[in-house]
Amino acid sequence: INLASALPSITASVTISGPSAGVTIRRNSVGKYRIFTIPNAGLTVKMYDLTITNGDTNSDGGGIYSKSDLELFRVTVDGNRSGHNGGGVALLVGGDITLSTISNNSAEWGGGLYFEPAPSDPVVLFNSTVSGNTSSFGTAILLANYTHATNVVLSVNSCTIAYNTGNSSGIVSYAWGASRETILLLNSTILANNGMQNLGQSIGD
């Protein structure tokens, strides 16, 4: 599916499912726009068997921007760009990414994935690959906590996070303010060749 212009924003809970062989949705015009925008909270959006590519925006989320719970299953997010947060996906709540690939995306912060989950609403990556992404801060993944919250959780299980490039670590946990807590849970995950180091933490004031 070649897009000549931006898709309408998703404003209701929905499941978007491609055929079992998958379907590619790509920006195919000169104008800059991301592929999927979910601007409102309180929804559940599920995407299955899709490839999301060539999104380009100066704001957050080159491929997908979501303020609602997001489930990606057998989804490839490849070759998207953000001028700010989340070259592939910018997710401002919890969500699940399973059997998916986040690759060759770029952003200023969070080359592949940018997460800003709510407390006790974790982001879970399972059996997925994050590779070939580029960013100045958080080459693969940036987990952010700007709200002084506790129990902001990213869980990464049975994943490969490798060959992401830039001037920082592959997975960066970034907390802002005096009362803050980000929790990164890693289980059976390969981390290799991700910028300056594989894991890093940064604390703002």
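## Strand pairing

Strands β3 and β5 pair in the parallel sense over 4 bridges, where pairing requires that DSSP finds at least two bridges between two strands. Within this pairing, I25 stands opposite I52 in β5. Strand β3 (residues 23–27) also pairs in the parallel sense with strand β1 (residues 2–3), over 2 bridges. There, L3 stands opposite R27 in β3.

This is a predicted model, in which local features need pLDDT of at least 70 and side-chain atom pairs count only at pLDDT 80 or more, while totals for chains, interfaces and linings use all residues. Residues are numbered from 1 along each chain as its sequence is written, and side-chain values use heavy atoms, with hydrogens and water left out.

## Overall composition

The secondary structure of the protein chain comes to 0 helices and 25 strands; these are DSSP runs numbered from the N terminus, with helices being H or I of at least four residues and strands E of at least two. Of the contacts in the protein chain with a separation of 6 or more, 81% are between residues 24 or more positions apart, a contact being heavy atoms within 4.5 Å.

Buried residues make up 48% of the 205 residues in the protein chain. Buried means under 20% relative accessible area, exposed over 50%, and partly exposed in between, with a 1.4 Å probe and protein chains only. The accessible surface of the protein chain comes to about 8,400 Å², and 50% of it belongs to carbon and sulfur atoms; the areas come from the Shrake-Rupley method with a 1.4 Å probe, and for residues only the protein chains shown count as cover.

## Nonpolar cores

The largest nonpolar core has 36 residues, and M47, F115 and L125 have the most contacts inside it. Such a core is a set of buried Ala, Val, Leu, Ile, Met, Phe, Trp, Tyr and Cys residues joined through side-chain atoms within 4.5 Å. The elements that give two or more residues to this core include β5 (44–53), β8 (69–78), β18 (141–145) and β19 (152–157). A second, separate core of 7 residues includes Y65, A90, L142 and A144.

## Aromatic pairs

A search of the whole structure finds 2 aromatic pairs. Rings of Phe, Tyr and Trp (its six-membered ring) pair if their centres lie within 6.5 Å; planes under 30 degrees apart count as stacked, over 60 as edge-to-face and the rest as tilted. The rings of Y48 and F73 have centres 5.9 Å apart and planes at 80°, so this pair is edge-to-face. Y48 in strand β5 and F73 in strand β8 are 25 residues apart, and their pair links distant parts of the chain. Y48 counts as partly exposed at 22% relative accessibility, and F73 counts as partly exposed at 24%.

The rings of W109 and F137 have centres 4.8 Å apart and planes at 45°, so this pair is tilted. Because W109 lies in strand β13 (residues 106–109) and F137 in strand β17 (residues 134–137), the pair ties together parts that are 28 residues apart in sequence. W109 counts as partly exposed at 25% relative accessibility.

## The surroundings of S82

S82 lies in strand β9 (residues 81–82) and counts as buried because its relative accessibility is 2%. The side chain of S82 reaches the backbone oxygen of S59 at 2.6 Å and the backbone nitrogen of H84 at 2.9 Å. Leaving aside its neighbours within four places in sequence, S82 is in contact with residues including T57, S59, D60, G87, S106 and E108.

Notes: Polar contact = N/O pair within 3.5 Å; in protein donor to acceptor, adjacent residues only side chain to side chain.
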